[in-house]
Every structure is written in C-alpha cells, then in structure tokens.
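Subject: Structure handover

Dear colleague,

I am handing over the structure below, followed by notes on what was found in it. Please read the notes with the coordinates open beside them.

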Amino acid sequence: LRRLATEEVAPAPEVFPEWNDQLRADMAEETELFLASIIREDHSIMDLLDGRYTFLNARLAALYGIDGVDGDEFRRVELADGPRAGVLTQASILTLTSYATRTSPVRRGKWVLENLLGDKPPDPPPLVPGLEVTQAANPDLPLRKQLEIHRSDPTCASCHETMDEIGFGLENFDAIGRWREKDGQFPVNASGTLPTGESFTGPAELLGVLK
C-alpha cells in the first residue's frame, strides 16, 4: 500500500475523472481497516481471500455501487453475496496492479503469486518485446486476445499461463476497482484455467480455487 501513496500510481484523469488524492487515501484506508479487523478480532487468515465484509465511506461505496453509506466516516459494511470479498477485490489492490489507462491481468496475477501464494515468478527474459508491440499490431482485438498472442512466444508462455489466467478472473474490475461488464466495446471474459487444471469464471470462483 505504500506505493499507492506515490505518483507511481496515477490513473489517467481523462479515463477516470473521479480519481483524486482523497479517493487514493480512501482506498488505502479500506484495506488497512480490513486487515486490522482480522488481527484484532482474531479472524481466520482466509478472510484475506474471502472475507464478506469491508470498511467503506460514501466515496468508496459510490465507486463500488453500494447504497446506504453516507459521509466521510468509514464504517463496516457486510458484502453478502456480491462480487467482492477479501483484499483481491478491494480498489487499493486492483488499482495498484493496473496501468494508468487499463487493467493488467499480468500484474494482478503476479501480485497474487508473490503476495498470497509465495511463488514469485522469475523476471521476464531479456529482449522479449513488451505487450505494447502486440497491441500496436493488433489494435482491434480485446486485451485478452492480445495477451494470448503475446504469450504464444515459448519464452513467455511458461510464466504467463499462470499469471494471466489468475488475472483474467479479476477482469470484471476496471483499473480503479469499479465493476464492469464490458471493456470498451468488448464483453469482459473473466474465465480462466490454471496449469493444474482448475477452471473458474469471475472473481468468486477464482477465490474458491485460490483457497
């Protein structure tokens, strides 16, 4: 979360006009309060993945599309059977693992591997073109298809087949954590299959696999 407080994390205002320093601080506060509650109340560590509650004020509740939360003060909110649970669906983590104008299944998958599963992937091999080269050559394809083309290079495939698939499960959340059904003109495909064979569609099923 320390990185969230820096200008290294800077969603583009022309794409996300609601982004400002107050929303940045709110995102960090939500996650800090959530983690503190797990420690103070002696919850299971699995709540990090699937805790069905969080802490919101009016700004974050509006971002999440949750009614009934007014004012600047944070309060505990039960999430019931909605799409959010645990830290992976909180705006702080979703924003940290995105680029200025778009999501990044690669960054999100890498974050899960490093921070939740303790399985840091190796650094990318040298001299491999970045995704931007693939995007420039295939501008009319959805991000998922662009990534599939990018990872067709055997030197990329071994790591990307795990990172990307985990990240795809979070694609219903945009680059500042809002729920969405479409990415631009394309319907979001939030399904994935891990190399170990488990398949999922959407964040709830992904969290079930990760447990």
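Thr-31 is found in helix H1, which spans residues 21-40; helices here are DSSP runs of H or I with at least four residues, strands are runs of E with at least two, and both are numbered from the N terminus. This is a predicted model, in which local features need pLDDT of at least 70 and side-chain atom pairs count only at pLDDT 80 or more, whereas totals for chains, interfaces and linings use all residues. Residues are numbered from 1 along each chain as its sequence is written, and side-chain values use heavy atoms, with hydrogens and water left out.

To stay with Thr-31, this residue is buried, at a relative accessible area of 3%, where buried means under 20% relative accessible area, exposed means over 50%, and partly exposed lies in between (1.4 Å probe, protein chains only). Leaving aside residues up to four places away in sequence, Thr-31 touches Leu-1, Gln-90 and Ser-92, a contact being heavy atoms within 4.5 Å. With Ser-92 there is also a polar contact of 2.5 Å between the two side chains; the term covers a pair of N or O atoms within 3.5 Å, of which, within protein, one must be able to donate a hydrogen and the other to accept it, and residues adjacent in sequence count only if both atoms are side-chain atoms. The C-alpha atoms of Thr-31 and Gly-86 are 9.2 Å apart, although 55 residues separate the two along the chain.

Beyond four places in sequence, the residues touched by Thr-103 include Ser-98, Leu-143 and Phe-173.

Turning to the aromatic residues, a search of the whole structure finds three aromatic pairs, the rings of Phe, Tyr and Trp (its six-membered ring) being paired if their centres lie within 6.5 Å, with planes under 30 degrees apart counted as stacked, over 60 as edge-to-face and the rest as tilted. Tyr-53 and Phe-55 form an edge-to-face pair, at 6.1 Å centre to centre and 80° between the planes, and both residues are buried. The rings of Phe-173 and Trp-179 have centres 5.3 Å apart and planes at 80°, so this pair is edge-to-face; Phe-173 is buried at 0% relative accessible area, while Trp-179, at 35%, counts as partly exposed. Phe-34, Tyr-53 and Phe-55 form one aromatic cluster.

The charged end of Arg-76 sits over the ring of Tyr-53, at 3.7 Å from its centre, by the criterion that NZ of Lys or CZ of Arg is within 6 Å of the ring centre and within 35 degrees of the ring normal. Arg-107 likewise lies over the face of Tyr-99, 3.9 Å from the ring centre.

As for the whole, the protein has nine helices and six strands, and 45% of its 211 residues count as buried. Among contacts between residues at least 6 apart in sequence, 58% join residues at least 24 apart.

With kind regards
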